[in-house]
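Study the sequence and the structure before reading each solution.

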Amino acid sequence: MVEGKVVVVTGAGGGIGRDIALAMAAHGAKVVVNDIGAALDGAGGSAGPAQQVVDEIRAAGGQAVPSTDNVADAASAAHIVQCALDSFGRIDAVVNNAGILRDRFFHKMSVDEWDSVLKVHLYGSYHVSRAAATHFKEQNAGALVHMTSTSGLIGNFGQANYSAAKLGIVALSKSIALDMQKFNVRSNCIAPFAWSRMIGAIPTDTDEQRARVDKIKQMTPAKVAPLAVYLASDAAGAVNGQIFSVRNNEISLISQPRPVRSIHRAEGWTPQSIAEHAMPAMRASFFPLDRSADVFSWDPV
């Protein structure tokens with residue numbers, strides 16, 4: 001599917017990123033395996049995880065190089081793209097997968113916890129995509145695959161920073177798709193359902209919680225990789241600006257915001273008439289705040 005293409009995968013030292021990097025290589029791509037080797041909260045760093053994935057790819061007969069640059073910094077992110085150019089002479093696709101967590105209830109969240117998560121997820125997706133965009137434009141071809149999350153699409157407890165970043169990535173992807181479609185550059189999102197260290201801290205104190213986690217563990221990171229490979233391939237040439245989810249063996253196309261219900265009043269609205277007429281009519285169409293009422297009730301990501 002991606003024979004001869006050069007693909008950058010960020011956060012590829014483990015979890016979903018690792019499986020995407022391995023799948024890209026298995027389908028013929030030359031892969032830049034980027035990972036700073038940090039802890040889940042972004043602390044520390046090690047070249048080990050990226051190099052281990054590179055070694056796996058090479059042992060299987062593929063081509064790959066490691067990168068330990070940081071997506072959260074513009075200059076460092078540009079080095080990731082340059083690594084692809086220096087190693088393989090071009091860049092054809094980017095998978096923006098790198099991420100960290102700093103979970104905290106909103107009323108307790110610090111500025112640093114907010115800032116650090118947005119810098120890796122949202123800024124990181126921007127920085128790497130922007131560094132690749134110039135080359136995509138010049139060659140009149142390119143594909144961007146961004147990892148969003150149902151935490152962004154429908155919200156989640158204790159993840160205001162992560163949710164804001166992940167929904168921001170959806171808007172970023174759609175805007176890139178609009179801006180760069182005339183250059184044959186595509187940008188799409190995946191909301192993955194998969195067991196990884198990003199969700200490994202889910203509580204298992206009750207039978208209900210343990211049952212939920214057991215279900216999630218069935219959804220391995222490898223299940224997400226085929227869609228990422230497809231979206232990076234020429235076969236996905238007509239797919240642009242979309243949001244997909246992968247849950248075990250199920251792929252879903254996610255709806256994008258559209259008006260659900262409208263009410264017109266010829267004489268205009270006052271706060272009182274909104275209270276008396278508009279909101280009572282619209283309330284039946286409100287989306288539930290309780291995640292358990294949502295179609296994705298057994299996802300945690």
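**Exercise 1.** Determine which residues of the largest nonpolar core touch the most other members.

*Solution.* A nonpolar core is a set of buried Ala, Val, Leu, Ile, Met, Phe, Trp, Tyr and Cys residues joined through side-chain atoms within 4.5 Å; buried means under 20% relative accessible area (1.4 Å probe, protein chains only). The largest such core has 35 residues, and I20, M24, V31, V33 and I190 touch the most other members. Among the elements that give two or more residues to this core are β1 (6-10), α1 (15-26) and β2 (30-34); helices (H or I, at least four residues) and strands (E, at least two) are DSSP runs, numbered from the N terminus. A second, separate core of 29 residues includes I100, A132, F136 and V185.

The model is predicted: local features need pLDDT of at least 70, side-chain atom pairs count only at pLDDT 80 or more, and totals for chains, interfaces and linings use all residues. Residues are numbered from 1 along each chain as its sequence is written, and side-chain values use heavy atoms, without hydrogens and water.

**Exercise 2.** State which residues M24 touches, leaving out those up to four places away in sequence.

*Solution.* With contact taken as heavy atoms within 4.5 Å, M24 touches V2, V7, A29, V31, V95, A228, V229 and A232.

**Exercise 3.** Identify the residue that lies over the face of W269.

*Solution.* A charge sits over a ring if NZ of Lys or CZ of Arg is within 6 Å of the ring centre and within 35 degrees of the ring normal. R265 lies over W269, at 5.6 Å from the ring centre. Likewise, R247 lies over the face of F193, at 5.7 Å.

Notes. Buried means under 20% relative accessible area, exposed over 50%, partly exposed in between (1.4 Å probe, protein chains only).
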